[in-house]
Amino acid sequence: MGAPDRYAVIGHPVAHSKSPYIHAAFAAQTGQNLTYERLLAPLDGFAAAVREFVEQGGKGLNVTLPFKLEAHALADTLTERARAAGAVNTLKISDGLILGDNTDGVGLVTDIERNAALPLRGKKVLLLGAGGAARGAILPLLNACPASLTVANRTAAKASSLVGEFAGHGNIVACDFGALQGVFDIVINATSASLDDHLPAVRPDIFDSATLAYDMMYRKEPTVFMLFAAQHGAATRDGLGMLVEQAAESFFLWRGVRPDTAPVYAELRTKT
Ligand code: ATR
């Protein structure tokens with residue numbers, strides 16, 4: 001066996017990242033000869049750190065906060081979903097050229113459709129938030145053919161301008177929280193409110209017992225959004241599955257092999 005191919009997650013901070021654990025587990029499971037490490041880049045030194053990694057023969061990077069926009073700007077070519085997301089979480093290096101991809105949205109869709117066993121086709125979907133996390137989810141959600149995708153944001157103008165960028169890709173509408181009407185099949189919290197234990201100011205009757213309330217955040221305890229949705233009858237899910245699925249999609253881009261995510265998710269759940 002030759003020298004292992006080198007991969008890493010780059011961010012600032014990066015010590016908390018679960019990606020090294022996830023990719024090591026995928027590599028062991030699929031017999032891929034690779035290493036995966038953490039790279040702490042200075043806040044003003046992202047591009048230089050990537051160039052150094054490329055010069056040293058590195059094959060791929062996951063990009064985490066706060067560098068996803070810089071990675072989008074740095075890539076030599078972009079996948080369609082990375083262009084639509086306006087952000088890059090995966091870099092693949094071949095022949096010195098850097099391809100930028102974004103696997104976050106596809107990770108979300110796979111977690112909902114496969115792991116939560118809820119096909120999006122024909123469903124009424126509500127996406128809360130209009131920042132980077134919401135933007136990255138829109139194209140993959142529309143590609144799954146929901147009946148409608150409503151994007152609601154505290155600052156309604158941001159939702160309108162975001163939705164305007166995706167007109168023509170599917171049935172997508174913008175809304176402010178106060179104007180939301182009716183029950184949704186799936187409500188996805190893509191705001192950063194959970195980080196501060198805040199709740200987006202949505203009415204409880206957007207949920208019923210058939211709703212899946214999905215928070216892109218994860219932590220040991222349910223988020224305030226999940227608790228609120230559960231109080232009003234919804235099933236809930238956090239973003240740990242999305243994290244594992246976006247990693248699997250990056251792994252596939254790099255190695256051409258799809259790992260089995262279920263055992264890695266189960267193990268991570270016990271550690272989180
Ligand atoms: P991210 O990359 O995590 O999406 P971001 O681009 O800063 O971060 O966007 C944060 C999103 O969370 C925005 O949609 C923001 O709403 P505004 O556009 O009105 O600022 C939303 N958000 C943050 N805190 C919130 C809160 N307490 N209630 C509702 N929405 C909140």
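What you have here is a predicted model, in which local features need pLDDT of at least 70, side-chain atom pairs count only at pLDDT 80 or more, and totals for chains, interfaces and linings use all residues. Residues are numbered from 1 along each chain as its sequence is written, and side-chain values use heavy atoms, with hydrogens and water left out.

Now for the strands. Helices (H or I, at least four residues) and strands (E, at least two) are DSSP runs, numbered from the N terminus, and two strands pair if DSSP finds at least two bridges between them. Six strands make an open sheet in the order β2-β1-β3-β5-β6-β4, and the pairing is mixed.

| Strands | Sense | Bridges |
|---|---|---|
| β1 (residues 5-11) and β2 | parallel | 7 bridges |
| β5 (residues 90-94) and β6 | antiparallel | 5 bridges |
| β4 (residues 77-78) and β6 (residues 97-101) | parallel | 2 bridges |

D5 stands opposite L34 in β2. On β6, L78 has G100 as its bridge partner, while S94 is bridged to L97.

As background, most residues other than glycine have a negative phi, and most peptide bonds are trans. This model has some exceptions. β5 and β6 form a hairpin with 2 residues between them, and D95, in the loop between these strands, has a positive phi near 50° although this residue is not glycine.

There are cis peptide bonds to look at, too. The bond from H12 to P13 is cis, with omega near 5°, and P13 sits in the loop between β1 and α1 (19-30). The bond from L65 to P66 is also cis, with omega near 0°; P66 belongs to the loop between β3 (60-63) and α3 (68-74).

**Around the ligand**

Which residues come nearest to the ligand? Of the 16 around it, the answer is A130, N153, R154, T155 and K158, where a residue is near if one of its heavy atoms lies within 4 Å. That shell divides into 6 nonpolar, 8 polar and 2 charged residues. Ala, Val, Leu, Ile, Met, Phe, Trp, Tyr, Cys and Pro count as nonpolar, Asp, Glu, Lys and Arg as charged, and the others, Gly among them, as polar.

A polar side-chain atom of K158 is 2.7 Å from a ligand oxygen. For R154, an N or O atom in the side chain lies 2.9 Å from an oxygen atom of the ligand. A130 uses its backbone instead, with an N or O atom 2.9 Å from a ligand oxygen. Taken alone, the ligand exposes 640 Å², and the protein buries 71% of that; the areas come from the Shrake-Rupley method with a 1.4 Å probe.

Note on methods
A polar contact is a pair of N or O atoms within 3.5 Å; within protein, one must be able to donate a hydrogen and the other to accept it, and residues adjacent in sequence count only if both atoms are side-chain atoms.
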